[in-house]
Amino acid sequence: MSPDPSIKEIINWLPSSDEPLVIAGPCSAESREQLLLTARQLAKLPQVKAFRAGIWKPRTRPDGFEGVGAEGLKWMQEVKSETGLLLTTEVANPRHIELALKHGIDILWIGARTVVNPFSVQELAEAVKGVSIPVLVKNPITPDIKLWMGALERFHKSGIMQLGAIHRGFHYFKQSPYRNAPMWEIPIELRRLLPSLPVITDISHICGRRDLLQSIAQKALDLETNGLMIESHFDPDQALTDAAQQIAPKELEKLLAQLIVRERTGSIDFQHKLEELRTEIDKLDGELIQLLARRMEVVSEIGAYKKENNITILQLKRWKHIIEDRLAIGTNMGLDKQFLLLLLELVHEASIQQQTKIFNQQD
Ligand code: PEP
Ligand code: MN
């Protein structure tokens, strides 16, 4: 998949500093007091540059708290005039955008449930045409990088040059300690496709619980995130939405203080050594690929031989033996069992596909 080529021109509009941008604030605006109390405490933390609060809340079921609506935007304005923090909120329809702009919201964000729907995204993109405002696009709930890219492209086509992505994790059917599985490979691929696009990690919606926040924040920084979005409430246990994942500003202060912000490039000596190691990896990868190609040649021969002798492709006993044998060898050499299993399954699948192709060939 290749992105719309013009999207590569996105200017990296975040303030250029070694420190990641921190966007903090409650999941939802609940009352004027809650918003101002929280914002005052957050404004004391130098890393916090922007204040977030959901004004309209997308809820799974209709009886939940659906946000305070437009009234909350006035409280947001008070936050800005009192603390100087930039403001950001989620917009899900053109009316939200109109109201947000009218009330001086500085950055718009598009929620994960909206990004799954290209009709909605298109409507929003049209509503910001001609407006100069940063737009942050959350990843869609499902792990689909094309939908994420597609939404970014729609805003870009509308003339939004200050674009950013928010990685908030993905719905995953298997059990995981996270509310939304991070699947880091997806934001990494997005950065590869759009190197000038800032990516911010919403650790709160990835974790879903406080005790995981520190390690995920560190991981995000170590994977070169440009910023963090963190839900913070002056009294998190009483929060009307996402109480389990919100933290008090004091806790956020501790979390930020414990983060290690590493250098991105390092000294010349470091770079030389790294280059040497990378050359070694390149060589090993080349050998791995050659080995795989040779293995596939033998697989083709086996396929032709089975076909000639009218023998089935899948030989369960043999497959079982391969797994046991290779797992034993690999784990003995210190390789992770789960990793080996996935790798063997991939190789086996490709081998079955290759043999099927041979079986289907007309002689
Ligand atoms: C939120 O940020 O409060 C929110 C609703 O997020 P998401 O769209 O990622 O679920
Ligand atoms: Mn939330």
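In this predicted model, F170 is buried, with a relative accessible area of 0%, where buried means under 20%, exposed over 50% and partly exposed in between, computed with a 1.4 Å probe and the protein chains only. W148 likewise counts as buried, at 0% relative accessibility. The structure holds two aromatic pairs, defined as rings of Phe, Tyr and Trp (its six-membered ring) with centres within 6.5 Å, planes under 30 degrees apart counting as stacked, over 60 as edge-to-face and the rest as tilted. The ring centres of W148 and F170 lie 6.3 Å apart with planes at 75 degrees, so this pair is edge-to-face. The rings of Y172 and F173, with centres 5.4 Å apart and planes at 50 degrees, form a tilted pair; Y172 is partly exposed at 34% relative accessible area, whereas F173 is exposed at 70%.

The residues around ligand 1, those with a heavy atom within 4 Å of the molecule, include R113, K138 and H205. A polar side-chain atom of R113 lies 2.9 Å from an oxygen atom of the ligand, and one of K138 lies 2.8 Å from a ligand oxygen atom, while for an N or O atom in the side chain of H205 the distance to an oxygen atom of ligand 1 is 3.4 Å.

Residues are numbered from 1 along each chain as its sequence is written, and chains are lettered from A and ligands numbered from 1 in the order in which they are written. Local features need pLDDT of at least 70 and side-chain atom pairs count only at pLDDT 80 or more, whereas totals for chains, interfaces and linings use all residues; side-chain values use heavy atoms, with hydrogens and water left out.

Methods
A polar contact is a pair of N or O atoms within 3.5 Å; within protein, one must be able to donate a hydrogen and the other to accept it, and residues adjacent in sequence count only if both atoms are side-chain atoms.
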